[in-house]
Amino acid sequence: MDLNDDMLNLILSKTDNYYCIGVCKQWYDIIIKNSIICETCNKIVKMYDTVLWITDDNDIVCHGYYGDIKKYKTLKKIIFRDPRFLTKIKRVSIGLWLIAIKISSFPYDLIKNINEKWYTHALKYNPKYLQYIKNPTYSMCVDIVNNCFDGLQYVPENFKSYELCLTAVKKNGSVLKYVPDQFQSKEMGLVAVRDNISYLRYINNPSEELIIEILSDDKVHMFRNFNWPEYIKNPTEDIYIALYNREPVYLDLIGYEQ
Ligand SMILES: [Zn+2]
């Protein structure tokens, strides 16, 4: 072992800052020769006998933490109890951050200067993080709509396509409120109200034809005490007929001009 090796071993045992290898080319070469580099994340995970980045088997990302596994697991437990603890950790890793953001009480903006790659991982848990990604892609938008029942609300307007909106509305009719006017087709409206008739309120100026079609659609569940005057403004004669055909008791709700 030459002098450089000895010195490095000494330094590494005294510091958790492995950037010290950047000091000179000679050290760097020795370190790389004596290191294990993760093929997935390119982190130097081990130098000599010093383990730098470790991974818990339960993590979805490799090499989530700088430190030993026992401490890492304890930190995870603490974060689980109180995600704000993340601010007390010297070198926050994506593994720890992902645990915190899965907890609903986590104040999202608590940790600043997050690597953009982290947000991409975070989208799996919360579509809200799309807003922090500088150049989102259409496939990210498709993913968040597929992963989350109301993900459509976070999709930027220029990425909303008819297909994407329809996929979202099929998952949950209430997201019709996030569908731009130009995509509010008859098909879209019908799919939404089949989930719940009260989503009729999210259809912009529904036509007489659409309302009659909804009232006549067996797949639309109409509960007996459905307070339709709240949703159907200025009903026409044909709408009254459709209401009567669907459920005669609805006619009891006819309002009369004074
Ligand atoms: Zn790795």
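# A guided look at the helices and loops

Guide: Welcome! The chain has 10 helices and five strands. Please keep in mind that this is a predicted model. Of the 258 residues of the chain, 26% count as buried.

Visitor: Let's begin with a pair of helices. What makes α7 and α8 roughly parallel to each other?

Guide: The two helices pack at an angle of about 20°, with their axes 8 Å apart. Angles under 35 degrees count as roughly parallel, and α7 and α8 are therefore given that description.

Visitor: Which residues meet there?

Guide: From α7 come Cys 165, Leu 166, Val 169 and Lys 170, and they meet Met 188, Val 191 and Ala 192 in α8. By class, this contact has six nonpolar, no polar and one charged residues. As for handedness, α7 passes α8 in a left-handed crossing.

Visitor: How do you know that the buried residues of α7 line one face of the helix?

Guide: The buried residues in helix α7 (residues 162-171) are Leu 164, Cys 165, Ala 168 and Val 169. Seen down the axis of α7, they fall within an arc of 130°, so they line one face.

Visitor: Let's follow α8 onward. How does α8 pack with α9?

Guide: Helix α8 (residues 186-195) and helix α9 (residues 208-216) pack at an angle of about 35°, and their axes are 11 Å apart. Here α8 passes α9 in a right-handed crossing. The contact is made by Lys 186, Gly 189, Leu 190 and Val 193 of α8, together with Leu 210, Glu 213 and Ile 214 of α9. Those residues divide into four nonpolar, one polar and two charged.

Visitor: What puts the buried residues of α9 on the same side of the helix?

Guide: In α9, Ile 211, Ile 214 and Leu 215 are buried. They cover an arc of only 95° around the axis, which puts them on the same side of α9. On the other side, Glu 209 and Ser 216 are exposed. The buried residues of α9 pack against α8 and α10 (237-246).

Visitor: Now for the loops. Why is Asn 205 called exposed?

Guide: Asn 205 lies in the loop between α8 and α9. Asn 205 has 8 C-beta neighbours inside 10 Å, so it counts as exposed. Its phi is near 40°, a positive value in a residue other than glycine.

Visitor: And what makes Asn 234 count as exposed?

Guide: The reasoning uses its own count: Asn 234 has 6 C-beta neighbours inside 10 Å and therefore counts as exposed. Asn 234 is found in the loop between α9 and α10. Phi of Asn 234 is near 45°, a positive value in a residue other than glycine.

Visitor: Why does Gly 67 count as partly exposed?

Guide: A residue is buried with 20 or more such neighbours, exposed with 12 or fewer, and partly exposed in between. Gly 67 has 17 C-beta neighbours inside 10 Å, so it counts as partly exposed. Its place is in the loop between β5 (65-66) and α3. Leaving aside neighbours within four places in sequence, Gly 67 is in contact with Ile 54 and Tyr 72.

Visitor: One last pair, please. How do you know that α3 is roughly parallel to α4?

Guide: Helix α3 (residues 69-81) and helix α4 (residues 94-101) pack at an angle of about 25°, with their axes 9 Å apart. With roughly parallel meaning under 35 degrees, that angle makes α3 roughly parallel to α4. Their crossing is right-handed. The contact is made by Leu 75, Lys 76, Ile 79 and Phe 80 of α3 and Leu 96, Ile 99 and Ala 100 of α4.

Notes. Residues are numbered from 1 along each chain as its sequence is written. This is a predicted model: local features need pLDDT of at least 70, side-chain atom pairs count only at pLDDT 80 or more; totals for chains, interfaces and linings use all residues. Axes are lines fitted to C-alpha atoms, for helices over the stretch in contact, and angles run from 0 to 180 degrees between N-to-C directions. Helices (H or I, at least four residues) and strands (E, at least two) are DSSP runs, numbered from the N terminus. A crossing is left-handed if the near helix is turned anticlockwise from the far one by less than a right angle, and right-handed if clockwise. Two residues are in contact if their C-beta atoms, placed from the backbone, lie within 7 Å. Ala, Val, Leu, Ile, Met, Phe, Trp, Tyr, Cys and Pro count as nonpolar, Asp, Glu, Lys and Arg as charged, and the others, Gly among them, as polar. The arc is that of the directions from the helix axis to the C-beta atoms. Angles under 35 degrees count as roughly parallel, over 145 as roughly antiparallel, 65 to 115 as roughly perpendicular and the rest as oblique.
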